[in-house]
Amino acid sequence: MSEISRRKLIIGGIAAAAGASSLAVAARLAKKYGLVPPDHGGLYGPGETLSYAFQRLVARHSSAREFSRGQISPRPFPNELAPFNNDFKRLQAGAFADWRLTIDGLVARPGQYSLPQLKSFPVKSQITEVACEEGWSYIAEWHGVRLSHVLDLVGVQPQARYVAYFSIEPDWWDSIDIDEARHPQTFLTYGMNDNDLPVGNGGPLRMRVPRQLGYKSVKFITRLTLVDDLKKLRNGLGSAAPAGGYAWYAGI
Ligand SMILES: Nc1nc2c(c(=O)[nH]1)N[C@H]1C(S)=C(S)[C@@H](COP(=O)(O)O)O[C@H]1N2
Ligand SMILES: [Mo]
């Protein structure tokens, strides 16, 4: 069976189950195909599962909308906030020369990357929107390296299913599946509107996941970890967001 007809068959089964009987049956089917988000256990569990499974089977290659230069938002942006911890201040005082992105977990070549190293990789740009779950949004041009490029450099092991990413702000972390991580619009960004990425917007290094809500675009990234199972990390839910009532999968 071709990949497309296999996907159609699975999503057909999941949708039929959702329509005919209960969301819980649909969720069981999704589970069979490994399409269950890590936060499926709560009140919205079956709904979360359906939306994630649908996105991965049908809209897997869809892209976030890209805008023109003229649509870039004027300052100020609503959520500009720098982290205030001492680790960050020390690095900032040194113009981020000592900033490193650590990549570890299920990779062939774990390592640490400086900003100049990341900037030496092929530079990509996109004009996309940061859409906050609270309703506001802004459009900016983002410059960085595709996460897929970096993943190819470190050599992702076949059993890896998620990329988790951690911020210098201890309470901020999140994760995406390998599909999202390899999507051409998923960037590690170090630039914005033709300048260095301002600290207020996540500088020196920020994850950009434009197909999902703003909270997945974690600022001040210092570590990426490849894992086969999100249960192994911290709260087991793949993100700091579910504790606040927000979904792990936040596709727009
Ligand atoms: N480290 C960190 N990342 C973060 C946040 C944060 O407070 N700390 N806020 C998130 C939320 S809820 C949104 S909507 C966007 C806001 O992006 P902005 O700060 O560029 O406006 O960043 C996300 N990434
Ligand atoms: Mo947000």
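**Notebook: a walk through the predicted model**

**Overview.** I started with the secondary structure and found that the protein chain has seven helices and 10 strands; helices here are DSSP runs of H or I with at least four residues, strands are runs of E with at least two, and both are numbered from the N terminus. This is a predicted model, where local features need pLDDT of at least 70 and side-chain atom pairs count only at pLDDT 80 or more, while totals for chains, interfaces and linings use all residues. Residues are numbered from 1 along each chain as its sequence is written, chains are lettered from A and ligands numbered from 1 in the order in which they are written, and side-chain values use heavy atoms, with hydrogens and water left out.

I then looked up burial: of the 252 residues in the protein chain, 49% count as buried. Buried means under 20% relative accessible area, exposed over 50%, and partly exposed in between, with a 1.4 Å probe and protein chains only. For contacts (heavy atoms within 4.5 Å), I took pairs at least 6 apart in sequence, and 67% of these join residues at least 24 apart.

**The largest core.** Nonpolar side chains tend to be buried together in soluble globular proteins, and I went looking for that here. A nonpolar core is a set of buried Ala, Val, Leu, Ile, Met, Phe, Trp, Tyr and Cys residues joined through side-chain atoms within 4.5 Å. The largest one has 35 residues, and W99, L147, V163, L188, L205 and L224 touch the most other members. At least two residues of this core come from each of α4 (86-93), β1 (100-105), α5 (115-119), α6 (147-154), β5 (162-167), α7 (178-182), β7 (187-192) and β10 (221-227). Helix α6 gives the largest share, four residues. Another core, of 10 residues, lies apart from it and has Y52, F166, W173 and W248 among its members.

Neighbours within four places in sequence aside, L224 is in contact with L101, T102, I103, D104, L147, V163, A164, Y165, L188 and M207.

**I168.** Next I checked I168, which is in the loop between β5 and β6 (173-177). Is I168 buried or exposed? It is buried, because its relative accessible area is 12%, under the 20% cut-off. Not counting residues up to four places away in sequence, I168 touches P83, N85, D87, F88, L91, W99, F220 and T222.

**T128.** This residue is in strand β3 (residues 124-131). T128 counts as buried because its relative accessibility is 1%. Which side chain makes a polar contact with the side chain of T128? That of R208 does, at 2.9 Å. A polar contact is a pair of N or O atoms within 3.5 Å; within protein, one must be able to donate a hydrogen and the other to accept it, and residues adjacent in sequence count only if both atoms are side-chain atoms. Beyond four places in sequence, the contacts of T128 include Y138 and W142.

**Aromatics.** Rings of Phe, Tyr and Trp (its six-membered ring) pair if their centres lie within 6.5 Å; planes under 30 degrees apart count as stacked, over 60 as edge-to-face and the rest as tilted. I found 12 aromatic pairs in the whole structure. Y138 and W142 form a tilted one, with 6.3 Å between centres and 40° between planes, and both residues are buried. Elsewhere on my list, ring pairs link Y52, Y162, W248 and Y249 into a cluster.

**Ligand 1.** How many residues surround ligand 1? I get 18, and the closest are Y138, E169, N201, R206 and K219; a residue is near a molecule if one of its heavy atoms lies within 4 Å of it. A polar side-chain atom of N201 is 2.9 Å from an oxygen atom of the ligand. A ligand nitrogen is 3.0 Å from a polar backbone atom of S217, and a ligand nitrogen is 3.3 Å from an N or O atom in the side chain of W172.

**Backbone notes.** The peptide bond from G203 to P204 is cis, with omega near 10°, and P204 lies in the loop between β8 (195-196) and β9 (206-208). A95 is not a glycine but has a positive phi of about 55°; A95 is in the loop between α4 and β1.
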